[in-house]
Amino acid sequence: MLTAALVLGALLAVAAVWFVARPFLRNPGSEEPLVEPDRAGRERLALEEERDRALAALKELEFDHRTGKVSDDDYRSIVGELRRAAADALRALDRGRGRSDVHSREGP
Amino acid sequence: MPELGRAALVVCFGLTLYAVVAGFWGAHTRRRRLALSAQNALLAAFASALVASVVLLAALGRSDFGFTYVAQHTSRELPLPYKLASFWGGQEGSLLLWLLILTGYGAAAVLLDRKAGRELIAWVVPVLGIVAAFFSMLVVFVASPFHTQLAAADGAGLNTSLQSPYFQIHPPLLYLGYVGLTVPFAFAMGALLSGRTDERWIVATRRWTLAAWMFLGIGQLLGAKWAYEEVGWGGYFAWDPVENAALMPWLAATAFLHSVMVQEKKGMLKVWNMLLVILAFSLSLFGTFLTRSGVLSSIHSFTEGSIGPWFLGFICFVVAGSLVLLFRRLPLLRSKTRLESLVSREATFLYNNLLLVALCLTILWGVTFPILSEAVRGESVTVGRPYYDFFLRSFGLPLLLLMGIGPLVAWRRASLRSLGRTFLWPFAFALVAGGGLVAAGAGSSLPGLIAYTFSAFVIGTIVLEFARGTAARRALADEPVPKAFASLVARNRRRYGGYVVHAAIVLLAIGIAGSSAYDTSHTARLAPGQSLKLRDYTLVYRGLRSTRAQNAVETRATIDVYRGGDRIAVMHPGKNNYPVEQQVSNEVAIRSDWLTGEDLFLITEQVNPNGTIDFKAIINPLVNLIWLAGLVFLLGSVVTLWPDAREERRLAVRYGRLAPDT
Amino acid sequence: MLAVFLLYSSIAGGGTPSLRPSSLAGHTGKVSLTGYVLKPVTGDAHGSGLRFRLRDVKGTATVPVVYKGSVPDLFRPGRDIVVEGRFQNGVFVATPGTMVTKCPSKYVPKTT
């Protein structure tokens, strides 16, 4: 009973060690670094969040306007701002994309 | 085989330590294989905890009294379900359950979220590892469930008050809730550590928080129902420190679930959301500490174990560590947008947050006041029901009102004209309902009347929201009403699931107000044949009967219940006497009227030698709405939790690109 | 502001000192008393009142207690209870229906 328990415990320990070591066993040698987005990547992510936020807000505003929660006046005054925000984000994204394309073409 | 259990826990401890060290090192030096290996360690830790749990369950099931834990918490004749449920009947087993659930959540988070962002998960793993290492340290060195002894002939048995079906489901649900709050905490810390404070951690966390919050809420309601049926004083919540301990993290998580929407839609409240996640997790640790350390007197006095100081130290470490980290990352959390108007959806969320956090902190203050006053004045001063009830009313009623206002106010800003138009119907409905209630005599309790009027307002709002949404959807897609309704909910699960949860809270409020503000009770000593009048009920005591059950003498009174001249029920409140345990338990009789939601609650308080009984009858109006609220709450939470394929795709496009293809 | 409000309300109203039998002397207001129930328990909780003595949970000082109202299931000599009331002329007169049993055996086996 005791030995069976100890054998099982040892097996568990070995299995755990093997499982933990697996990432090293599978592709020894080559170390692929964790991808961290660079500065440009972060900026782009922020812009994308901005764009999605504006687009989602536009969609919700349309819906609220249709259900009558937002009056015509309020709708008119807010919809312009949101469209502008979405357009700004899109434009900035385009510009960024253009830049990074150039950058990658210049790269090795 | 206790050795296997012990070995599995040691392995688990080693794995979690490795996950911490390798995880931090791998994330810091950006070594992908090291980070992956730490993730695997967390998965393997779950497997080891599972092995240990199976060993303990098997021992409980086989009544292996060589295990000290089994001998202390079960006995031979205990039914099998209770034997197995004794897993969480004691301190050591409860800690093992914490560890099992924690590593389970950790493994699930690794498997489900690792595609969403590798470098975020790389930082999340060591944070989860720290918490898991703390708990495995406790079960290995301080409170091991695998202590052995010379096998006893029989165990000490399970306390009779725990022998209830609720014991099988209430504690694990609460633990799923408590422990689940670790995952959002780990993601928040992961985001701060990695310096990646975009919205990804929020996206990954939202659903985990919602799940933990749902379990915590359902667990608490089941606990309330257990208390109501078993403890037998006619109530369901007593502001006991242990009950408060579960309520506080739930309130903090509720605040987070609301304020997180403001961050998603407006990019605001980033620091505040971090603080709420830290608060919720610290409170869940604090709750475990309260129930486990014996520092407070509570009706749930658990073992006064040796783990109190460990917990206190760990809580201090968590709070201090996370706040220092948050402070150092403050520059990254600045938001670009500001609040545009005090009359807007985001503003109502802000008010809601302030009220929820205020309520949470008042309860925290009430719970810790005895300890603080003992330290300061040398005399422990407890605050009781009046304190809590006062603050529940002062913060809870405005919260209820906000639940009706919030959905009607548009994001960004709303002009008075729009407001007038949207508020018209709910407001009129509330006014009519309030007037009707006054006419019906509900004015006997002002808080009750206010609660009901506000509830009517919220219901008006919810119905209006669903109706207008369906109408708009119908006009848009030319669909019949049921289909339009279904697609409305399917397209906006979070919004409409949220409204369903709101409806559940309204039911809860109506139930609480009804049973606490409009209850009636009467106590009398009755001889056989005598009767007692309570409102429109007449209760006639017919006599006593005693039967010998397997392990108890069951004494039951026979009460005929009349209403309007008809005998509507025969009820049998009584007492059980357990000779072996030398324990008496009240067996109350409850008759629920499903039409009005009201309970007739009978207690035989004392059986006298001459055949008379001291008898208490309580009418709890609307109390059944509280249990109904639990079902509606579950429904709303599930609707909200249900994955939205379109949103998943959108987020995958946004964040998936950063990770290399797997 | 909130903190001040809370401080005020908990000190001025609602707060009940939590005492042991040995620290009862000198308190005339409403207090909550924690102690260990000693044998014998006499009287009738629904008649003239249940009479028993409470001892410090870890100590020797005792005080007589009179209690009326609902008696929790777990009440009996050898248990720790909490009860609210006033100390009058050497007797602790409990507020009806305030007795709560602390139940150390809830999660711990009997050691006998």
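In this predicted model, Asn89 of chain C counts as exposed, because 5 C-beta neighbours lie inside 10 Å of it and a residue is exposed if 12 or fewer are found within that distance. Asn89(C) is placed in the loop between strand E5 (80-88) and strand E6 (91-94) of chain C. Its phi is near 50°, a positive value in a residue other than glycine. A further backbone feature of chain C is the cis peptide bond between Lys39(C) and Pro40(C), with an omega of about -10°. Pro40(C) belongs to strand E2 (residues 31-44) of chain C.

A positive phi also occurs in chain B, where Leu269(B), although not a glycine, has a value of about 60°. Leu269(B) is situated in the loop that connects helix H10 (241-266) with helix H11 (270-293) of chain B. Leu269(B) counts as buried because it has 22 C-beta neighbours inside 10 Å, the threshold for burial being 20 or more.

The average pLDDT of chain B is 89, and 96% of its residues score at least 70. Residues 658-662 of chain B, in contrast, stay under 50 in pLDDT. For this stretch the model has 9 contacts beyond four places in sequence.

Chain B contains an open sheet of 4 strands in the order E2-E11-E10-E9, with antiparallel pairing. Strand E2 (520-526) and strand E9 (589-593) of chain B each have a single partner strand and stand at the edges, so one side of each is left without a neighbour in the sheet. From one strand to the next, the twist averages 15°. The pairing of E2(B) with strand E11 (residues 613-620) of chain B is antiparallel and comprises 7 bridges. Within this pairing, Arg525(B) has Asp614(B), in E11(B), as its bridge partner.

Helix packing was also examined in chain B. Helix H18 (residues 493-517) and helix H19 (residues 624-641) of chain B pack with their axes 8 Å apart, at an angle of about 170°. H18(B) is therefore roughly antiparallel to H19(B), since angles over 145 degrees are classed in this way. The contact of H18(B) with H19(B) involves 17 nonpolar, 6 polar and 2 charged residues.

Chain A has 3 helices and 0 strands, giving the pattern α-α-α along the sequence. Of the 108 residues in chain A, 20% are buried. Among contacts in chain A with a separation of 6 or more, 75% are accounted for by residues 24 or more positions apart.

Between chains A and B, 43 residues of chain A are in contact with 44 residues of chain B. On the side of chain A that touches chain B, helix H1 (2-26), helix H2 (39-67) and helix H3 (72-106) of chain A each supply at least two residues. H1(A) provides the largest share of this side, with 15 residues. By class, the residues on the side of chain A that touches chain B divide into 24 nonpolar, 14 charged and 5 polar.

Technical notes
Residues numbered from 1 in each chain as written. Chains lettered and ligands numbered in written order. Predicted model: local features only at pLDDT ≥ 70, side-chain atom pairs only at ≥ 80, totals over all residues. Axes fitted to C-alpha atoms, helices over the stretch in contact; angles between N-to-C directions. Parallel < 35°, antiparallel > 145°, perpendicular 65-115°, else oblique. Nonpolar A, V, L, I, M, F, W, Y, C, P; charged D, E, K, R; others polar. pLDDT = per-residue confidence, 0-100. Contact = placed C-beta atoms within 7 Å. Pairing = 2+ DSSP bridges.
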